[in-house]
Amino acid sequence: MAEFEPKIIAFVCNWCTYTGADLTGTSRIKHATNVRIIRLPCTGRIDFMLLMKAFARGADGVIVSGCHPNDCHYTSGNFHARRRWILFRSLLNFMGVDARRIIFSWVSAAEGAKWAEVVNTAVKEIRALGPYDEYKNLAPIRASWRTEHAG
Amino acid sequence: MSRIGVFVCHCGENISATVDCAGVAEAMSRVPGVVHSVDYKYMCSDPGQTMIKDAIKEKKLDGVVVSACSPHMHEPTFRRACAEAGLNPYLCEMANIREHCSWVHEKSEATTLKAIDLVHKMVEKVKKNQPLYSIKVPVTKTALVLGGGIAGIQAALDIANAGHKVVMVERSPSIGGHMSQLSETFPTLDCSQCILTPRMVEVAQHPNITLYTYSELESMDGFIGNFKVRIRKKARCVDEKLCTGCGLCTTKCPTKKIPSEFNEGLGMRSAIYVPFPQAVPNKPVIDKTQCTFFLKGKCKVCEKVCPTKAIRYDQEDEIIEVDIGAIVLATGFNVLGAEHFPEYGYGRYRDVIQGLQFERIASASGPTSGAIRRPSDGTEPETIVFIACAGSRDEAKGIPYCSKICCMYTAKHAMLYKHKVHHGKAYVFYMDIRAGGKMYEEFVRRAIEEDDVKYIRGRVSRIYEEDGKLIVKGADTLLGHQAIEIRADMVVLASAAVANDGAEELAQKLHVSYDPYHFFAEAHPKLRPVETNTAGIFLAGACQAPRDIPETVSQASGAASKVAALFSQSELTREPVIAVVNRIAPPLYSTCTGCALCVPACPYQAIEMEEIKNRDGVVVKRAAKINPGLCQGCGTCVALCRVKAIDLQGFSNEQVFAELMAL
């Protein structure tokens, strides 16, 4: 059987991590193909509903990455993101979502090699955790609930 | 139904070597809403751009996805091409299949599949894109220069000579700053006042410059091109229009024993005073904390002697409001205070002085008329010790940085001393000699070789007084840490340059960031050294970091040219990637609930609360309102908004979720 290829979605800021990932490309540092990047202006823009939606869309893991603390292009957006993440993590536990499937990191525009490492580590870790069946299995339950309660 | 065009670039072989570009184009043609999907070798080339333009016109495209390199590379190129073809540029998006795909993966099916995903998600995003229009902001062509030292003077003159209005605000009664206190300047030994005072007069007489001395910035609102500034003009107690600057009041004032700030406490001034003879403006100020009339209620000698009846004891602080387009911060530096040097006895022994005091002693306009004399007994010092790095590069004093100017001015001081006291002995204790600059190293060599100044590499551990001499105990690290004791008559400390008093408070008023030492922070240490992170506010001189006069002047001219460039346009054009609070038809007017949580979250103070009224003028609700001039489009408020009343143009919830749903 072929190795499990996790589906990972990355939410990154435009100024640091997106540019850092560009540098990964310019430096031709090869890494796993599993990650799809969604570009946002700042990590402060990342609404954590996006993370939940990613899981709902069948993601096995999520990466959130932006500028290092104090390096934010918008002065403090990443601090908001960090604070929000701390709160959100406890909410995840409450909801029963596996927090290990969300990887939070800082990758600057100069850290092309670090981005490749973040991607490879994420793929390795999520692969070890296996497909996120617990979440995916919720979909049929919800569908059957709907049919029962419809009309 | 959308009419999207997809253009897949090969980038020569950069993309096509690992990604099946034709396959991507074919896959995209099957996505609903895509009416045109092609691949081409060089999309950014002229024929490539023409392909896009032609397709927009022929296929009546209402959205374009160029799948090529990073948007940081060519987004402006393709958006411009779209605009030329009549399509709103913000309906064009780029899918990054080079940096994020072909360059980082081997040729494989997975790589092409990833490219398909990346392009597909941008197709879904572009379907939700709205036409956006760049924001135009008017520019008030008046600059505010804060600080009247050489940095402020240079910036103000450059801006004024470019034909723009300048308002200069200086905290002390005269402009001139630290440079006016200096005796000579390195490495030419030019007389500082001789080169500075003509420029001070030029500022005062320039038709484009309005000068407010003895004034401070009270508050600042607004944004680039549109600042509203309030200036507090402190009461001089002298009617500046009537005063002729004759100086009778200062000579007749009975309170004369006040240490002069200009002479660094080495000379005395009266309670009504002009800081120095060449002051600009040459109008006196009453020091309310020292004046007998203000302290005891009687005296009024100055009022009696004034021939023009210009004294106004009841004058009050005045608040002046000005509209400003750009601000140059040139508030300068300060030197580390006496309390930091107990081991050197500074502040305890009168003959241990710091560099600025030596400048005053050596200056022809100083308390000794330029003769080198000890402050304690007025005798000529036979042996003088200079200590470079007094506080600088010393973590224990909280100043790990190099103050940059001390090596040079210490060499200058030693030289000036030797020129005036030929038989005297001058010693310099130093850590390293940092003489980077045009003719700087030669200058230091001249002090050592021609003027016979003894340079000792080592630190001074302590200084104490014995039989009227100052015993300087130190070590010579080039002679194997040999202990050295010098019986000196005078010691000069090259005390560290530190941020000016109130720098932190001023930075907060202006929303400018500052470093751990309270020097103002530049937007980028290499490429944007005269700009701050707040658009429209620029930096000049030692308020950013310690620096010497030539550097200060060039930085001031740099800041001035940034201001002139800003003022060369009547309107500013900004990217429309900004947040907006929704406004809907009555009866709700907005889904914003007025919780105002977004207000403190905004790093740019761009959000304020607005009252929404119905047609009878009754307030229906309070809702957030975003100032498009201030908003930089970070989107922090968008993620924070609990009712999703705020959205970010260009990265709206609808767009981002559409992208996500394609994956």
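**Aromatic pairs and their labels**

Modeller: The model is predicted, so local features need pLDDT of at least 70 and side-chain atom pairs count only at pLDDT 80 or more, while totals for chains, interfaces and linings use all residues. Residues are numbered from 1 along each chain as its sequence is written, chains are lettered from A in the order in which they are written, and side-chain values use heavy atoms, with hydrogens and water left out.

Biologist: Why is Tyr74(A) called buried?

Modeller: Buried means under 20% relative accessible area, exposed over 50% and partly exposed in between, with a 1.4 Å probe and protein chains only. Tyr74(A) has 5% relative accessibility and therefore counts as buried, whereas Trp15(A), at 36%, counts as partly exposed.

Biologist: What makes the pair of Tyr401(B) and Phe519(B) edge-to-face?

Modeller: Rings of Phe, Tyr and Trp (its six-membered ring) pair if their centres lie within 6.5 Å, and planes under 30 degrees apart count as stacked, over 60 as edge-to-face and the rest as tilted. The centres of Tyr401(B) and Phe519(B) are 5.7 Å apart and their planes stand at 75 degrees, so the pair is edge-to-face. This pair links distant parts of chain B, 118 residues apart, and both Tyr401(B) and Phe519(B) are buried.

Biologist: How do you know that the charged end of Arg269(B) sits over the ring of Tyr273(B)?

Modeller: The definition asks for NZ of Lys or CZ of Arg within 6 Å of the ring centre and within 35 degrees of the ring normal. The charged end of Arg269(B) is 3.8 Å from the centre of the Tyr273(B) ring.

How values were computed. Helix = DSSP H or I, 4+ residues; strand = E, 2+ residues; numbered from the N terminus.
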